[in-house]
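I opened this entry to look at how the chains meet one another, and I kept the definitions beside each value as I went.

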Amino acid sequence: CGQAHAQSSVTIFGVADIGYVHTSANGTAGSVSRSQLASDGNTSSRLGFRGTEDLRGGMKAGFWLEGALAIDQPGSLTLQRRSTVELSGSFGEVRLGRDYVPTFTNLTVAYHPFGTNGVGNAGQLFYPVAAGGTTSSTHVRSNNGINYFSPNVAGYQANVMYAFGEHLSNEGATKQNDTYVGGRVSYANGPLNLSAATGKTKFATGDYTQSNFAANYQLGAAKLMYLWGENKVGVTKTTSNLVGVQYKVSGTGEVRAAYTDLKAVGVANDATQMTVGYVHNLSKRTALYTNYSVVDNKGTGKQFVVGGGDKTTVAGGNTTGYEFGVRHSF
Amino acid sequence: CGQAHAQSSVTIFGVADIGYVHTSANGTAGSVSRSQLASDGNTSSRLGFRGTEDLRGGMKAGFWLEGALAIDQPGSLTLQRRSTVELSGSFGEVRLGRDYVPTFTNLTVAYHPFGTNGVGNAGQLFYPVAAGGTTSSTHVRSNNGINYFSPNVAGYQANVMYAFGEHLSNEGATKQNDTYVGGRVSYANGPLNLSAATGKTKFATGDYTQSNFAANYQLGAAKLMYLWGENKVGVTKTTSNLVGVQYKVSGTGEVRAAYTDLKAVGVANDATQMTVGYVHNLSKRTALYTNYSVVDNKGTGKQFVVGGGDKTTVAGGNTTGYEFGVRHSF
Amino acid sequence: CGQAHAQSSVTIFGVADIGYVHTSANGTAGSVSRSQLASDGNTSSRLGFRGTEDLRGGMKAGFWLEGALAIDQPGSLTLQRRSTVELSGSFGEVRLGRDYVPTFTNLTVAYHPFGTNGVGNAGQLFYPVAAGGTTSSTHVRSNNGINYFSPNVAGYQANVMYAFGEHLSNEGATKQNDTYVGGRVSYANGPLNLSAATGKTKFATGDYTQSNFAANYQLGAAKLMYLWGENKVGVTKTTSNLVGVQYKVSGTGEVRAAYTDLKAVGVANDATQMTVGYVHNLSKRTALYTNYSVVDNKGTGKQFVVGGGDKTTVAGGNTTGYEFGVRHSF
């Protein structure tokens, strides 16, 4: 086995998160359920390799290669969580390659009580709904991106990203497909955090646009959280509002709760999601957790589900999920 | 390149095993053969990442990510040898994820002279024969498993595993498919090792059951080995008995020999396998090895072959293999 | 994250190279172009794991596992750049597994100003042209290989490789398909480097043969380079002659230029390629680079393109490419 000596340029890091998940959905003949061992109830499992090098004049070069893991039923190590070369200095940082799009940052656990993990996954109501025959592949990450992060100036920080669609110049109507442009501005001042972001991916069948705004405030042991998000594809639109809290009940325990209300126009139906959870830290690197979530489709809706669950087959049906798991970071 | 400094939490480890393999089989127009460079004649090639963390009260958390390698014709790094998060302490160890099923442990080199590698691969006569339209995917490992190992108490140690089939509750007859449950008990006392294991995977078309029992005794330089194994799929059954030896002829050399007799009921025909081999250790981490094996199909049988070989096309035909290789652990 | 302590047996290493690439080609309705973020303009991106162990008597054992990376649009980590177990000593080195074929070494940056990377990629005019229904998979690397490197004796060094086709002995006409044999001899004496190599892959539809010869001479800051290469598939043949230079203009900067003339017989048409480039080293591990290249198809040819570009749709058309990028080694 290999443990290495000094003068490293490579850091290996990762997360392994796995737990029991039970999901159920209203069905025409009663509730239908599924029991699973599943990954990522608290944090996305991953394995990565990264490093930095000091250059002249305070500049740094670096690389970051990170792939997702399915601890419960593993497959190939696919380096699609992040794959970048970075140059940074007093001007900020430029990353070239595959990375988060600016809007995704506002859906992580820093701005949504549960981030995009587990039964309360932010992705359930804050990701786009497929519409008009177009599916965006850039609402989380984009390939072929130039991603710039400004320095932090008096609490303000900015991020802009452009990603190439890479089509031939004579391809016609679809030649701009997959071209992405987006940006984000954030402000941090003591207990207050504000962040707004927007991004557009070009498609001949209708551009996809994602925008969101997050505000949170640390009030003693409680972080009060608000998040607004909107996804548009042509004339279809979903808009979500979340209120939530992350509350430290002890030196090792944190309660989390969130309520989201989604309004749909031209696609799917309205829905709400309510999630509560608890994280118990065994150490800085290891935690036990549990979450419970309900998604309630309105009207004749069947579209929305708890994270990892199956769709309801009943108009306006609910889906419910709960989970217990362990998250280990390394 | 990256060699790292102190305070590690990740160990990189693996095996690279490659050699020349010649296999032949009786054919209608004489013997048909194939020459190959092939992996894993002595030990399964692999690359892995693992680590542990000390928690309070003597507990530990850990992770283990390990994928198979084909040194001769490499492909994707697929982390399917093992992918688990572990919690351990005085209660024993719980592993969540993908891991060996309990019965497989009795087919490894600790209980079979050649383990499941090379031309004498235990898998040839101790794995299930596809029957009744059902193929088990859980005779070596299972996804979605909860795997518990007891502490060692006076030489006794137990292991039980449950794995979720993950089907919908209203799927009907197949809703239990892929659900696995199994266990193993072992006893070690000086030169004596005993181990028994059984496991069942549910299938609507007929459950698959694997059971085995191993006994070995260290008599001076020789480890005398006996292994019984049975695989059942509905009414079909294969039962195998092995006698074998691992004999240290010097500080660096070990001779290995095994004879297995397989009886088939309702599927395939009877067969025997005879294997001899030699391992020459160049160091603790590196060895040269050679193996020779013959599988003799009885009656009209054509089913069974030496590891890495091609099936005979002649009723009751033989297949033969020999190999020379090098195994390097890291 | 994992950084490890002493007594290592595993080194992690790699390259991350990414940049902007613009390619264009003559089309019937004017020039057609494509803008991309692409990997490998200067050096092939990779992630690898390797190690060596000292054995008795000056011998060493080792392993090398290396996969390609697409930094711009990452996929699975596939260990197909190199996957070998090695034994070395005073007799030289034997590598078993997947490795470069001997002829490929003469197409790398040591013998071609741009190696097989970027818009000026040596592969464009020095790789075989598919012909006769046969595509060689062994003009860069081969699976299933036994690769021997002699010690360096008075500047002379030899390399021979044999790779198994692994077909069944009664397969008929195609039973030798994919069997590879090749060799290379090089000579280094002060400023002078000479190298000649040839290799053949057997195919029932016509063997594929690749041969090349390289000479270069270090004249002050300039390395003057000459390369001849020939690819044959049955009666079809392409022959290329390159003259080039790598010229150190400063302690950190190097200008590169190459002109290649290709003659085709029985397949495609003649073509030329002209490339100029500049590499600016920010450190030993990190560089910025730019390249410009033009491929000019002769007669009615449309076959040849700059690295990463699209084919022209016009008989005898040109294709052009330029790129700016950053290469970081670790």
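**Chain A against chain C**

I began with the contact between chains A and C, which takes 44 residues from chain A and 44 residues from chain C, contact being heavy atoms within 4.5 Å. The model is a predicted one, in which local features need pLDDT of at least 70 and side-chain atom pairs count only at pLDDT 80 or more, while totals for chains, interfaces and linings use all residues. For my own bookkeeping, residues are numbered from 1 along each chain as its sequence is written, chains are lettered from A and ligands numbered from 1 in the order in which they are written, and side-chain values use heavy atoms, with hydrogens and water left out.

I next looked up the area buried between chain A and chain C, which is about 3,700 Å², with carbon and sulfur atoms giving 61% of it; this is the accessible area (1.4 Å probe) that two parts lose on being put together, summed over both. I then noted 0 salt bridges between chain A and chain C, a salt bridge being a side-chain nitrogen of Lys or Arg within 4 Å of a carboxyl oxygen of Asp or Glu. Polar contacts, however, join 13 residue pairs across the interface of chain A and chain C, both residues at pLDDT 80 or more. Such a contact is a pair of N or O atoms within 3.5 Å, where within protein one must be able to donate a hydrogen and the other to accept it, and residues adjacent in sequence count only if both atoms are side-chain atoms.

Which elements give two or more residues to the side of chain A that touches chain C? I listed strands S1 (11-25), S3 (46-54), S4 (60-68), S5 (78-89), S6 (92-100) and S7 (141-149) of chain A, strands being DSSP runs (E, at least two residues) numbered from the N terminus. S5(A) gives the most to this side, with 7 residues.

**Relating the copies**

Last, I noted that a rotation of 120° with 0.0 Å of shift along its axis superposes chain A on chain C, with RMSD 0.0 Å, fitted by least squares on the C-alpha atoms of residues with pLDDT of at least 70 in both. The two copies are therefore related as by a three-fold rotation axis.

Key:
Helix = DSSP H or I, 4+ residues; strand = E, 2+ residues; numbered from the N terminus.
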